[in-house]
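I opened my notebook to see what holds this chain together. These are my entries, in the order I looked things up.

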Amino acid sequence: MLTVWGRERGLCVKKVLWCLEDLKLDFERIDAGRQYGRTNDEEYLRLNRNGLVPTLIDDEFVLWESNAIMRYLALRYGPPSLYPSEPKLHADCNRWLDWSVGALWPDIVPLFTSLIRTAPDRRDMTAVRTQSTRLAKNWAIADEYLAGKQFITGDYFTIADIALGVLAQTYETFELDNKPVTPHLDAWYERISQRPGFKRFAVLPPEPDPTEHN
């Protein structure tokens, strides 16, 4: 039995849930993280000493880190195209998985905090401009690589598209005036938005911030 610890609206958890949904796998999910707590409980820390979500349990096997979880699920339960083994395609898929963490994540997360969870009068707009400018540059890179392709590595949907797709969906919710023109990225986004996992999990809005009333 597959078990996922993590709230379904968390960005990293969404990736894993999307992957599970597309693979049509049955799983149990346990709310953890943010308003649900539990990540500092000894029960959870025995599974994941980082105290972060998501964590996957597959029988006796325990795994954390969302991209590692997707790699495992794709290798064990998915079609060969979801995480290809051919060396060049394998490297390309890993390139975009790593790029999503190294290039997009450092700006997506603080922008999410500023634009979604922070009142307008408390936002650091200088930081917002800097972060959104870097994001615009990086999304333009993805747009360039998507020219002539159906998906980020070519003709087949992979877990790299899931990793980028969750962040692209989040980026879509940001009200920014410096978003780049990205026709290839937009066409890709339209394609991935038809996936079952995108429709079920990627589109979930963030939870209300429990501190907003203060």
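I searched the whole structure, which is a predicted model, and found zero disulfides. I then checked Cys19, which is in no disulfide; its nearest cysteine sulfur belongs to Cys93 and is 10 Å away. A disulfide here needs two sulfur atoms within 2.5 Å, so the 10 Å between the sulfurs of Cys93 and Cys19 is too far for a bond. Are these two cysteines buried or exposed? I got 1% relative accessibility for Cys19, which counts as buried. Cys93 is buried too, with a relative accessible area of 0%.

**The nonpolar core**

Next I looked up the largest nonpolar core and noted 63 residues in it. Which residues have the most contacts inside this core? I wrote down Leu73, Trp139, Ile159 and Trp188. Helix 4, residues 87-116, gives the most to the core, with ten residues. I also saw that domain 1 (2-77) and domain 2 (87-202) each supply at least three residues to this core.

Leaving aside neighbours within four places in sequence, I found Leu73 in contact with Leu2, Val16, Cys19, Leu20, Leu23, Leu25, Leu56 and Gly78. Cys19, from my cysteine entry, turns up among them.

**Salt bridges**

How many salt bridges are there? My count came to eleven.

I started with Arg29 and Glu8, whose side chains meet in a salt bridge at 3.9 Å, N to O. This pair links distant parts of the chain, 21 residues apart: Arg29 sits in strand 2 (residues 27-30), and Glu8 in the loop between strand 1 (2-5) and helix 1 (11-22). Arg29 is partly exposed, at 27% relative accessible area. I also noted a network of salt bridges that links Glu8 and Arg29 with Asp31 and Arg200.

Then I looked at Arg71, which forms a salt bridge with Asp98; their closest N and O atoms are 3.7 Å apart. Arg71 lies in helix 3 (residues 66-77) and Asp98 in helix 4, so this pair ties together parts that are 27 residues apart in sequence.

My last pair was Arg95 and Asp92, with side chains that meet in a salt bridge at 2.8 Å, N to O. Both lie in helix 4, three residues apart, about one turn of the helix. I compared their accessibility as well: Arg95 is partly exposed at 41%, whereas Asp92 is buried at 12%.

Technical notes: Residues numbered from 1 in each chain as written. Predicted model: local features only at pLDDT ≥ 70, side-chain atom pairs only at ≥ 80, totals over all residues. Heavy atoms only, no water. Core = buried A, V, L, I, M, F, W, Y, C linked by side-chain atoms within 4.5 Å. Buried < 20%, exposed > 50% of the residue type's maximum accessible area, 1.4 Å probe, protein only. Helix = DSSP H or I, 4+ residues; strand = E, 2+ residues; numbered from the N terminus. Domains from an automatic or database assignment. Contact = heavy atoms within 4.5 Å. Salt bridge = Lys/Arg side-chain N within 4 Å of Asp/Glu carboxyl O.
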